[in-house]
Amino acid sequence: MHKRLVGRGRSADVYATDDGAWVLRSYRDGGDTAREAALMVRLAEAGYPVPAVRGAAGPDLVLERLRGPSLTEGLLAGAYEPEAAGALLAGLLDRLHALPGRVVHLDLHPGNVVLAEDRGPVVIDWRTAEEGAEPGLDRAMSALILAEVAVSPAPYAPGARAGLAALLAASPGPLLLAEARARRAADPNLTAAEVGALGAAEELVRSLAG
C-alpha cells in the first residue's frame, strides 16, 4: 500500500492510501490501536458519528478518509460561529454519554471534529477514550481545552471564550475540573507554556460555570 503524508498531529502522522478512500493514522510513540479500533466499531454500530475502521495493527489504524474541514478550520474561516461550535460540542458529548458503557472521549475539541461533506460532524482521535468514567470528567476536559485558548494571547481567544460559554450552557452538569487539570498537566504533548496556563483556564471555566 502506497501512502502519502497528509497530516501531522501532536502524537500521530496521517497518510492517504493509494485508493484515496482511506487514511492510515500512525502513532509515533508506538503502542497498540486494537482497543481504539474496537471501541470505534462499537460506537459506529450504536449510531455515533465516527470514521469507519478498516483495520488496526500495532500503532497503525486504517480509517475512512473524511472529506471536509475540521471544526477548528470552520471557525477560523468564519464558516462557523463560536457559539454554534460550543453547542455542537455539547451535543456530541451528550450523545456519547447517553450510550451504554459510559464512554468518554477525553479530548473532544474543535480540532477533533470533522465537518464531513457527506454526513456532517464526525468525531475523530479516540486514543484517549475510556469506558466507565464519569461524564463530568469529559465535559471538564473539553471545557478546559477551550479555556486554554480563551486565556491565551491568540487573536481568536474571544471566540474560544464565547464557545466555552455556549458549551457550558448547553451541557450543564458536574465538572470534574481538578482531575481534568491533573490529566492535562500530565500530557507529554503539552508545552510548558500550555501547562502554565492551566490555572487561569480552570479559573475561567469555574467563573463561567457558576
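Leaving aside its neighbours within four places in sequence, which residues is Glu64 in contact with? They are Ala21, Trp22, Val23, Val50, Pro51, Ala52 and Arg119, where contact means heavy atoms within 4.5 Å. This is a predicted model, in which local features need pLDDT of at least 70 and side-chain atom pairs count only at pLDDT 80 or more, while totals for chains, interfaces and linings use all residues. Residues are numbered from 1 along each chain as its sequence is written, and side-chain values use heavy atoms, with hydrogens and water left out.

- Glu64 has its place in strand 5 (residues 60-64); helices (H or I, at least four residues) and strands (E, at least two) are DSSP runs, numbered from the N terminus.
- With a relative accessible area of 18%, Glu64 is buried, a word that stands for under 20% relative accessible area, with exposed meaning over 50% and partly exposed in between (1.4 Å probe, protein chains only).
- Leu115, which is found in strand 7 (residues 113-116), is also buried, with a relative accessible area of 17%.
- Not counting residues up to four places away in sequence, Leu115 touches Arg67, Gly68, Pro69, Ser70, Leu71, Tyr80, Leu88, Gly120 and Pro121, whereas the C-alpha atoms of Leu115 and Arg139, 24 residues apart along the chain, are separated by 21 Å.
- Ala37 belongs to helix 1 and counts as buried at 8% relative accessibility.
- Apart from neighbours within four places in sequence, Ala37 is in contact with Val53, Ala56 and Leu61, while Ala37 and Leu175, 138 residues apart in sequence, are 28 Å apart in space, C-alpha to C-alpha.

**Aromatic rings**

- The structure holds 1 aromatic pair, and rings of Phe, Tyr and Trp (its six-membered ring) are said to pair if their centres lie within 6.5 Å.
- The ring centres of Tyr48 and Trp126 are 5.9 Å apart and their planes stand at 85 degrees, so the pair is edge-to-face; planes over 60 degrees apart count as edge-to-face, those under 30 as stacked and the rest as tilted.
- Because Tyr48 lies in the loop between helix 1 (34-45) and strand 4 (53-57), and Trp126 in the loop between strand 8 (120-123) and strand 9 (130-131), the pair ties together parts that are 78 residues apart in sequence.
- Tyr48 and Trp126 are both buried.
- Arg127 lies over the face of Tyr27, at 3.8 Å from the ring centre; a charge sits over a ring if NZ of Lys or CZ of Arg is within 6 Å of the ring centre and within 35 degrees of the ring normal.

- The axes of helix 3 (residues 82-97) and helix 5 come within 7 Å and cross at roughly 40 degrees, where axes are lines fitted to C-alpha atoms, for helices over the stretch in contact, and angles run from 0 to 180 degrees between N-to-C directions.
- That angle makes helix 3 oblique to helix 5, since angles under 35 degrees count as roughly parallel, over 145 as roughly antiparallel, 65 to 115 as roughly perpendicular and the rest as oblique.
- Residues on both sides make this contact, among them Pro82, Glu83 and Gly86 of helix 3 and Gly159, Ala162 and Gly163 of helix 5.
- Helix 5 (residues 157-170) and helix 8 (residues 198-209) have axes that come within 10 Å and cross at roughly 50 degrees, which makes helix 5 oblique to helix 8.
- In this second crossing, Arg161, Leu164, Ala165 and Leu168 in helix 5 meet Leu204, Val205, Leu208 and Ala209 in helix 8.
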